[in-house]
Amino acid sequence: MIEIKNLVKKYKTRQEEITALNNINLKINEGEIFGIIGPSGAGKSTLIRTVNLLEKPSSGEILINGENITSLAPDLLRKRRQKIGMIFQHFNLLNSRTVRGNVSFPLEIAGVAKAEREKRVDRLIELVGLADRADHYPAQLSGGQKQRVGIARALANEPELLLSDEATSSLDPESTGSILELLARIRDEMKLTILLITHEMEVIKQVCDRVAVMEKGRIIEEGKVIDLFANPRQSLTRRFIKSIIDFNFPEELFKDHNGGELIRVSFLGKSTHQPLISSLVKTFELDANILYGKIDDIQGIPFGTLILELEGEYNQVLKGINYLKGKGLTVEVLSDDGALDQAVQV
Amino acid sequence: MTELLTRLSRYNQLMLAGINETLYMVGFSLLIAVIIGLPLGFLTAITRKGHIMENTPVHKVLDLVINIGRSVPFIILMVAVIPLTRVIVGTSIGTTAAIVPLALAAIPFVGRIVDNALQEVSPGVIEAAQAMGATPLQIVFKVLFSESLPAIILGITLTAINLIGYSAMAGAIGGGGLGDIAIRYGYQRFKVGIMIETVIILVILVQLVQWLGNLLAKRFDHR
């Protein structure tokens, strides 16, 4: 669907040249919800804005269904943009128009006839659940309702791609949830591809199929959301995950353990149902002391975290850890105070 | 009091003519100023750096023209454009002739007000329109114009009131109008009653214009 190749964006300020996007390569499949997460200043906003060329890249290609949009003439680009919907953090609705007028706006731009326009507008307003607000002005709506108008407007010209630029970042958690639900629903109903950027891991967890993590103009990690949660490689990714899954274990846990090796085991889905601990104990003659355990839910898949204290011969401990890894679990060795022990590489 | 009013009523014809002349001068010069000033303001705004038709040289020229036009004192402008007035109207004296300098003074004023009003339109909304594939012309009419309409209406109201003030000076070239009456009868001939009457009429006129402008602006303001 979208293929981004060697994308570079440089800005020149008076003093220096800033590289906002540093050789981005990305493939987004048809019908998926792809999330890009990163701290502010990572370049994610610049990246999503290059996809409809609101931002001109310095070099590189953006292919949408095989068509390189960076080389389109202005007229063709405008036609192309009509098939790419976009929603914004601050909604960007026309204050001078009602809900109906706002949704009708892109259709007027595309030159859709009045009768057809009215039919489609009614259907869209119904779709986003604002039928009773159709003649209200944006100033009379809540943030969540405004974003619904934004979504209806973005869908008006039946786009194949929807870009979401921090669409839930100025909403309260409840509205965020309902907007994300709406996005997932329209993806299913309209066979839409959605590219969204956010700085909230919760958004990624709730709706995205795949995710890319951006830092300083680069994509540092990319994969299925569930895999990223289970097995984050970069410290930034880990930080994002920690923002929604509590990895801060109570200190008391680590105060009076028996001096064995502390490990954190994370496991996903199926392995939850295997009797791993008991085989660990039996096979490697270890004492496994469970200090802490909990299960989070990520997109309906159980994601478990266990803190174990393994006592036994050091060699056996290492073998035991490798056994768990062999079963597809993520195992991290912790130092005595519960911090991730970077020194120990098992 | 009754006696004063009876004495003043002798000048009713004069007052009516004055009101007529003022409305005629202000109305026409305002119309011309809007017709020319509105596009001038739009061009100035959209050629600004980062706007939809960025063109720095054009923007700088327009910006300078507006500033120069706004810095010439009206009484000097009025005299300075006499040759031009003669070409356009055929004479440089009279009510119609006064319209030329009045319009010339109001054009840059409207231009600046429109330019300012357009800068208040959220860049995000303009960007959203661009993302939908809108042409610059569509953005001008469907986004910039409708979003800034309340501010433009209030600006035109302000211009109208300024013109009522300026039109008092038009007496200097035989333009007539209420201000001229106040100066000739009230100030130069010490007829205080007439001066007060014209001032009261002017106050009512200004109030009326402002009220109308506010009403109209509110009608289009949905923020």
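**Exercise 1.** Which strands and helices do the buried residues of helix 2 of chain A pack against? Identify these residues and describe how they are arranged in this predicted model.

*Solution.* 
Step 1. Helix 2 of chain A covers residues 74–81, and its buried residues are Leu77(A), Arg78(A), Arg80(A) and Arg81(A).
Step 2. Viewed down the axis of helix 2 of chain A, the buried residues lie within an arc of 160°, so they line one face of the helix.
Step 3. The other side of helix 2 of chain A carries the exposed residues Asp75(A), Leu76(A) and Lys79(A).
Step 4. Within chain A, the buried residues of helix 2 pack against strand 4 (59–64), strand 5 (67–68) and strand 6 (84–88). In chain B, their partners are helix 7 (123–131) and helix 8 (136–167).

**Exercise 2.** Determine what the secondary structure of chain B comes to, and describe the extent and burial of this chain.

*Solution.* 
Step 1. Chain B has ten helices and zero strands. Read from the N terminus, its elements are α-α-α-α-α-α-α-α-α-α.
Step 2. The C-alpha trace of chain B spans about 70 × 40 × 25 Å along its principal axes.
Step 3. Chain B has 223 residues, of which 46% count as buried.
Step 4. Among the contacts in chain B with a separation of 6 or more, 75% are between residues 24 or more positions apart.
Step 5. As to confidence, the average pLDDT of chain B is 92, and 100% of its residues score at least 70. The model as a whole scores ipTM 0.87 and pTM 0.85.

**Exercise 3.** Describe how helix 9 and helix 10 of chain B pack, and name the residues that meet.

*Solution.* 
Step 1. Two packed helices are described by the angle between their axes and the distance between the axes.
Step 2. Helix 9 (residues 178–187) and helix 10 (residues 192–220) of chain B pack at an angle of about 160°, and their axes are 8 Å apart.
Step 3. This angle makes helix 9 of chain B roughly antiparallel to helix 10 of chain B, because angles over 145 degrees count as roughly antiparallel.
Step 4. The two helices of chain B, helix 9 and helix 10, form a left-handed crossing.
Step 5. From helix 9 of chain B, the residues taking part are Leu178(B), Ile181(B), Ala182(B), Tyr185(B), Gly186(B) and Tyr187(B). They meet Ile194(B), Met195(B), Thr198(B), Ile201(B) and Leu202(B) in helix 10 of chain B.

**Exercise 4.** Are Asn92(A) and Phe190(B) buried or exposed? State also the phi value and the place of each residue.

*Solution.* 
Step 1. Most residues other than glycine have a negative phi.
Step 2. Asn92(A) has a positive phi, near 55°. Phe190(B) likewise has a positive phi, near 55°.
Step 3. Asn92(A) is in the loop between strand 6 and helix 3 of chain A, while Phe190(B) is in the loop between helix 9 and helix 10 of chain B.
Step 4. With a relative accessible area of 9%, Asn92(A) is buried. Phe190(B), at 70% relative accessibility, counts as exposed.

**Exercise 5.** Describe the surroundings of Ser104(A).

*Solution.* 
Step 1. Ser104(A) belongs to helix 3 (residues 99–110) of chain A.
Step 2. Its relative accessible area is 10%, so Ser104(A) is buried.
Step 3. Leaving aside residues up to four places away in sequence, Ser104(A) touches Arg117(A) and Val121(A).

Definitions and conventions:
Residues numbered from 1 in each chain as written. Chains lettered and ligands numbered in written order. Predicted model: local features only at pLDDT ≥ 70, side-chain atom pairs only at ≥ 80, totals over all residues. Heavy atoms only, no water. Buried < 20%, exposed > 50% of the residue type's maximum accessible area, 1.4 Å probe, protein only. Helix = DSSP H or I, 4+ residues; strand = E, 2+ residues; numbered from the N terminus. Arc of directions from axis to C-beta. Contact = heavy atoms within 4.5 Å. pLDDT = per-residue confidence, 0-100. Axes fitted to C-alpha atoms, helices over the stretch in contact; angles between N-to-C directions. Parallel < 35°, antiparallel > 145°, perpendicular 65-115°, else oblique. Left-handed = near helix turned anticlockwise from the far one by under 90°.
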